[in-house]
Amino acid sequence: MMKAVIEAKAPIINRINPMSVITDAFYSLNMFGTGDRYFRSIITMICLSAALLVIGALLGRRNQYESL
């Protein structure tokens with residue numbers, strides 16, 4: 001119910017929400033089997049994971065200090 005409301009009002013937020021993507025992947029796998037909707041969810045999760053990994057690596061890198 002709530003997922004449908006968010007999809008109608010703000011679809012971009014619903015498409016990048018990890019919880020929504022995971023539940024959509026499991027729902028489509030259960031109802032329709034492996035198909036276009038399932039693979040779209042998996043690709044979205046892979047892209048989100050890669051983007052967050054890159055952001056984390058850039059923000060978490062150490063500063064190099066001059067050797068004493």
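Is phenylalanine 32 buried or exposed? Phenylalanine 32 is exposed, with a relative accessible area of 57%; here buried means under 20%, exposed over 50%, and partly exposed in between, using a 1.4 Å probe and protein chains only.

Before we go on, a quick word on the model. It's a predicted one, where local features need pLDDT of at least 70 and side-chain atom pairs count only at pLDDT 80 or more, while totals for chains, interfaces and linings use all residues. Residues are numbered from 1 along each chain as its sequence is written, and side-chain values use heavy atoms, leaving out hydrogens and water.

Now zoom out. The protein chain has four helices and zero strands, taking helices as DSSP runs of H or I with at least four residues and strands as runs of E with at least two. Its radius of gyration, taken over C-alpha atoms, is 18 Å, well over the 11 Å that the globule rule (2.2 Å times the number of residues to the power 0.38) gives for 68 residues, so the chain is more spread out than a compact globule. Those C-alpha atoms fill a box of roughly 65 × 30 × 15 Å along the principal axes. Of the 68 residues, 12% count as buried.

Back to the rings. The whole structure holds two aromatic pairs, meaning rings of Phe, Tyr and Trp (its six-membered ring) with centres within 6.5 Å; planes under 30 degrees apart are stacked, over 60 edge-to-face, and the rest tilted. Tyrosine 27 and phenylalanine 32 sit edge-to-face, 6.3 Å centre to centre with 90° between the planes. Tyrosine 38 and phenylalanine 39 are also edge-to-face, at 5.5 Å and 65°. Tyrosine 38 is buried at 18%, whereas phenylalanine 39 is partly exposed at 45%.
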